[in-house]
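Trainee: I am new to this structure and would like a close look at one part of it. Could you walk me through how a pair of helices packs together, and then show me what surrounds it?

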Amino acid sequence: MHGELKVPGGKLVVVDLEVVDGRLSDVRLSGDFFLEPDEALEAINASLVGAPVSAEPEELVRRIRGGLPEDARLVGFGPESVATAVRRALSRASGWGDHEWELVREGARSPLMHMALDEVLAEEVGAGRRGPTLRLWEWSSAAVILGGFQSVRNEVDLDAAARLGVEVVRRVTGGGAMFVEPGNTVTYSLYAPPSLVAGMSVAESYPFLDDWVLGVLRDLGLDVWYQPLNDIASGGGKIGGAAQKRMASGAVLHHVTMSYSIDGAKLGEVLRVGREKLSDKGVASGAKRVDPLARQTGLAREVVIERLIEGFRSRFGLVEGPVSAVEEARAGALVESKFATDAWLWRVR
């Protein structure tokens with residue numbers, strides 16, 4: 001069995017192993033990491049031999065730590081990443097390059113249609129009717145996008161939203177509210193098969209699924225990193241945030257919104273950014289927490305998007321995969337039956 005993990009911001013960890021009578025056997029760790037002393041490699045391998053295949057990651061980490069020499073130095077990886085690679089081997093996880101990725105790049109859509117397309121395309125990938133997909137969004141109008149479990153009244157000043165023509169909608173993923181206007185964000189979704197994140201916790205899958213984005217942003221000259229659980233951050237503040245949902249089919253819906261530019265005054269009027277949420281940020285407003293890509297890159301938004309697409313393509317491959325007529329019809333019906341209803345929007349008042 002073979003498992004791989006590219007540590008976000010670190011090195012590649014590879015584990016090959018056999019299973020005999022329900023226990024790990026002949027464990028072989030490799031990768032482009034740094035490890036001292038040389039004997040530590042065999043110590044890690046030996047520590048994992050005999051572990052039950054049902055062992056939780058915490059048990060594997062304890063075994064690895066217990067087997068390491070006192071003077072061992074692990075650079076670019078750690079016991080946790082080795083444990084994850086083991087779990088991925090046992091789960092027969094796939095890698096990015098094992099799939100033919102499809103690209104959806106279209107004109108502007110309504111906020112409600114974007115919500116519905118996310119659900120439909122994720123379901124299509126889970127059912128095997130569509131390949132794993134990267135979708136870039138364009139907004140036709142301003143909106144507040146609430147997380148699946150947020151209170152409408154606590155998050156949005158409805159009078160201000162109505163006065164400014166800002167629609168309020170709710171997505172299927174958790175996380176916080178987003179304020180979007182045409183041309184002011186870079187938003188994308190990944191629809192991935194469960195095998196891509198097999199053996200990972202949900203928390204581990206967030207930086208794993210966005211590591212390619214950080215690579216592209218660094219290629220553009222930005223100093224960026226992943227701030228747990230789900231933020232893409234820089235020295236100037238937050239660039240974007242991710243949200244994720246595991247669908248009933250097992251497919252993973254993972255989407256990210258990054259700020260390209262921001263109307264801080266309008267954001268401040270529409271969103272009720274709670275003091276509790278900002279108390280650990282050292283700032284007084286939601287707008288000041290954000291460091292837009294326009295300022296950081298100096299590039300036109302379209303150029304940033306093209307760099308992201310080409311960065312993904314060069315790493316994993318990408319073919320055109322537009323939304324089909326059947327998918328379009330399903331999404332339209334889902335808008336009417338779910339996303340445009342008061343029952344959905346006001347599920348948490």
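Mentor: Happy to! Let us start with helix H7 (residues 202-219) and helix H11, which pack with their axes 9 Å apart at an angle of about 120°. That angle makes H7 oblique to H11, and their crossing is right-handed. Please keep in mind that this is a predicted model.

Now look at who meets whom. H7 brings Trp-212, Val-213, Gly-215, Val-216 and Asp-219 to the contact, while H11 brings Arg-307, Leu-308, Gly-311, Phe-312, Arg-315 and Phe-316. Sorted by class, the residues in this contact of H7 with H11 are 6 nonpolar, 2 polar and 3 charged.

Which residues touch Phe-312, leaving aside its neighbours within four places in sequence? They are Trp-96, Trp-101, Leu-134, Leu-190, Trp-212, Gly-317 and Leu-318.

Helix H12 spans residues 325-339, and its axis comes within 8 Å of the axis of helix H4 (residues 111-127), crossing at roughly 120°. This makes H4 oblique to H12, and H4 passes H12 in a right-handed crossing. On the H4 side, the contact includes Leu-112, Met-113 and Val-120, and on the H12 side it includes Glu-327, Ala-331 and Phe-339. In all, the residues of this contact divide into 11 nonpolar, 1 polar and 7 charged.

H12 itself has 15 residues and reaches 20 Å from its first C-alpha to its last, close to the 21 Å expected at 1.5 Å a residue. Its buried residues are Glu-327, Ala-331, Leu-334, Val-335 and Phe-339. Among the elements that cover them are H4, strand E9 (167-170) and helix H13 (342-345).

Note on methods: Residues are numbered from 1 along each chain as its sequence is written. This is a predicted model: local features need pLDDT of at least 70, side-chain atom pairs count only at pLDDT 80 or more; totals for chains, interfaces and linings use all residues. Side-chain values use heavy atoms; hydrogens and water are left out. Axes are lines fitted to C-alpha atoms, for helices over the stretch in contact, and angles run from 0 to 180 degrees between N-to-C directions. Helices (H or I, at least four residues) and strands (E, at least two) are DSSP runs, numbered from the N terminus. Angles under 35 degrees count as roughly parallel, over 145 as roughly antiparallel, 65 to 115 as roughly perpendicular and the rest as oblique. A crossing is left-handed if the near helix is turned anticlockwise from the far one by less than a right angle, and right-handed if clockwise. Contact means heavy atoms within 4.5 Å. Ala, Val, Leu, Ile, Met, Phe, Trp, Tyr, Cys and Pro count as nonpolar, Asp, Glu, Lys and Arg as charged, and the others, Gly among them, as polar. The expected span of a helix is 1.5 Å times one less than its number of residues. Buried means under 20% relative accessible area, exposed over 50%, partly exposed in between (1.4 Å probe, protein chains only).
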